[in-house]
Amino acid sequence: RRIRARVGFPRRAEVIRVFFSRGASIGFMMAGSYRLVRECDLSPDPGPPVSTGHEKSGGDTTAEDDDRSWTLIGRSRSSAGSTRWCSWVSNAMVWGISGLICSAALAGVYIWSFRRDMAPKTVARPGGGLGSPVAFLQAARTVEQVMFGAESSDENTTTFTSSTSTSTSTTLTTSTSTVTTMTSSTSTSTSATSTSLTSTVTSTTSVTSTSTSTTSTTTEAPLQWYVFDRLDFPLRADVATMNASNISRVKRRVEAHGWRGFSVKNGTAYLKGRDGPRYRGDLIANNATRFYLYTRDANILRLSSGPVCAGDSADALEDKPGERTMYMYRAQSAASYAPEGINVGDMLGVVWYLHNEVVTMCPRKYSIVRVQRWKVTIRRTPQVSSTPFFYAPFVALDSGQCTVPDCWARLQNTGFSVGCQPRPYGNRTGYWYSLPGPCPQKPLAEKTDECSRETPGTLCGCDKELGEDGCNFHAESAGEVFVDDITGIGNYTDFCAHGNIEYDRATDKGRGMTFWDGMNDPAKISARLQAFQDAFRRKYPHTPSSLGPHHCEF
């Protein structure tokens with residue numbers, strides 16, 4: 001229990017250390033027991049000495065007889081009390097050694113069973129057959145369901161192939177989803193096995209005339225990593241903790257054991273086992289935590305069109321007066337951080353930014369590789385409510401610092417409101433937004449805890465209502481797409497190494513690609529915008545394709 005609580009599963013070094021220490025203890029005790037056995041005869045007391053026929057008259061015995069009597073009782077010529085002491089100590093040692101040996105055996109069984117349970121479930125062995133008793137029970141349940149119409153289990157996904165004939169051979173493949181898919185032609189009697197178990201069954205029930213064989217297969221999406229800022233799965237499904245200084249190492253451990261992911265808080269990674277979250281909707285708001293979710297479900301995001309933190313109730317699908325819910329996008333490197341102290345835009349505004357400032361060099365400016373999408377609900381501040389506008393004027397935020405003249409006074413005068421400005425792109429207009437963060441007068445490297453406490457920013461979690469002191473907007477992650485996947489670059493490093501560039505202002509076209517050709521061409525602008533929108537729609541079909549409005553009103 002101590003090992004499991006400390007590291008989640010027995011590490012090899014830990015197991016070796018523990019069992020060497022136990023083995024040494026057992027060895028010393030066995031050596032001590034051997035010494036005691038030499039000094040004390042542990043055989044049961046046979047009772048009074050047996051007559052040898054050499055007794056003298058009067059009942060007296062010779063010295064030789066006396067020696068023989070003591071030999072029958074014990075080799076020690078000490079008193080009876082000493083003999084009892086030898087027997088008590090020896091028995092205690094025997095029981096102690098037995099207990100330690102049993103404990104070691106049980107510990108070994110526990111370690112084996114725990115490692116088996118935590119390892120990825122691979123129940124099929126090469127060449128077919130049942131890999132474990134679990135697989136056998138699953139196969140038995142499957143056969144029962146098929147033969148007797150038993151209600152399907154929600155723990156397994158079964159892909160079933162059958163054909164109508166008097167003798168049917170069927171192979172079942174079991175995965176870890178929650179739906180049983182069964183395709184068959186007209187009435188048929190089949191038997192099935194789970195995980196590579198193939199059986200041939202002679203039909204004993206009524207079979208209709210010949211029919212065609214039908215096959216239904218399911219293609220599982222690959223396992224992927226999803227990162228959610230300010231979300232957590234607290235105090236549930238924890239199996240281990242690790243230092244979070246090396247996120248890649250933590251990810252490898254989760255992947256090796258088939259766990260659900262981990263949360264990172266204060267430099268510690270809290271690993272979640274197989275009972276952990278599967279969807280983004282399983283997570284809850286936590287301002288101090290980032291969650292890494294490992295899942296094969298591409299439809300992981302299931303967002304409503306209503307405000308952030310409002311839930312899915314019918315009365316929560318509309319914004320309250322003075323509030324707006326929309327998507328905001330940001331061109332981002334591989335680094336991740338909260339959506340505050342940054343500039344974002346609508347989709348058109350971000351595509352313009354990529355085209356005008358990012359893809360004109362190779363490698364790209366700021367090492368940008370992806371476009372993040374955030375669902376944001378904004379509340380107009382009291383200072384801005386006295387004007388005809390919803391937003392404050394836009395301010396530039398570079399590395400978390402507001403860099404426009406008199407920025408501090410402007411932010412105070414607007415109550416640290418979200419800012420907005422139009423951004424023309426060819427014959428169309430996109431928008432940029434500014435999301436003030438903590439300590440906006442200093443860049444990230446110079447921000448102090450004291451400064452952040454004095455000016456904490458206006459992004460808040462779902463534990464605070466919009467409009468409360470210091471709470472101007474809620475935000476939650478709504479997915480991301482990678483630029484290379486959209487533009488068609490296979491290997492970006494090789495692309496740059498061969499002298500290519502995505503867009504050259506001098507020629508108004510790229511070298512080695514055409515996606516960014518014609519910066520101000522209306523048709524090509526529309527095609528680029530559509531490509532990014534379609535990428536989000538394909539990857540996250542269970543989220544609204546667009547949320548707005550996107551305009552500044554000035």
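Reader: What should I know before I start?

Author: Welcome! The model is predicted, so local features need pLDDT of at least 70 and side-chain atom pairs count only at pLDDT 80 or more, while totals for chains, interfaces and linings use all residues. Residues are numbered from 1 along each chain as its sequence is written, and side-chain values use heavy atoms, with hydrogens and water left out.

Reader: How many helices and strands does the chain have?

Author: Helices (H or I, at least four residues) and strands (E, at least two) are DSSP runs, numbered from the N terminus. Here the chain has 13 helices and 22 strands.

Reader: What share of the residues is buried?

Author: Buried means under 20% relative accessible area, exposed over 50%, and partly exposed in between, with a 1.4 Å probe and protein chains only. Of the 554 residues in the chain, 40% are buried.

Reader: How many aromatic pairs are there?

Author: Rings of Phe, Tyr and Trp (its six-membered ring) pair if their centres lie within 6.5 Å; planes under 30 degrees apart count as stacked, over 60 as edge-to-face and the rest as tilted. A search of the whole structure gives 15 such pairs. One of them is Tyr329 with Phe536, edge-to-face, at 5.6 Å centre to centre and 65 degrees between the planes. Because Tyr329 belongs to strand 12 (residues 323-332) and Phe536 to helix 13 (residues 522-539), this pair ties together parts that are 207 residues apart in sequence. Tyr329 is buried at 6% relative accessibility, and Phe536 is buried at 3%. Phe515 and Trp516 are edge-to-face too, since their ring centres are 5.0 Å apart and their planes stand at 80 degrees. Both Phe515 and Trp516 are buried. Ring pairs also join Trp225, Phe262, Tyr292 and Tyr294 into a cluster.

Reader: Which arginine lies over the face of Phe233?

Author: A charge sits over a ring if NZ of Lys or CZ of Arg is within 6 Å of the ring centre and within 35 degrees of the ring normal. Arg236 lies over Phe233, at 4.0 Å from the ring centre. Likewise, Arg373 lies over the face of Tyr327, at 4.3 Å from the ring centre.

Reader: Which residues of helix 6 are buried?

Author: In helix 6 (residues 247-257), the buried residues include Val250, Arg253, Val254 and His257. They span an arc of only 95 degrees around the axis (taken from the directions from the helix axis to the C-beta atoms), which places them on the same side of helix 6. Just after helix 6, Gly258 has a positive phi of about 70 degrees.

Reader: Where is Ser434 found, and what does it touch?

Author: Ser434 is in strand 19 (residues 428-435) and is buried, with a relative accessible area of 1%. Contact means heavy atoms within 4.5 Å. Leaving aside residues up to four places away in sequence, Ser434 touches several residues, among them Ile342, Pro393, Val395 and Gly419. The C-alpha atoms of Ser434 and Cys420 are separated by 6.4 Å, though these residues are 14 residues apart along the chain.
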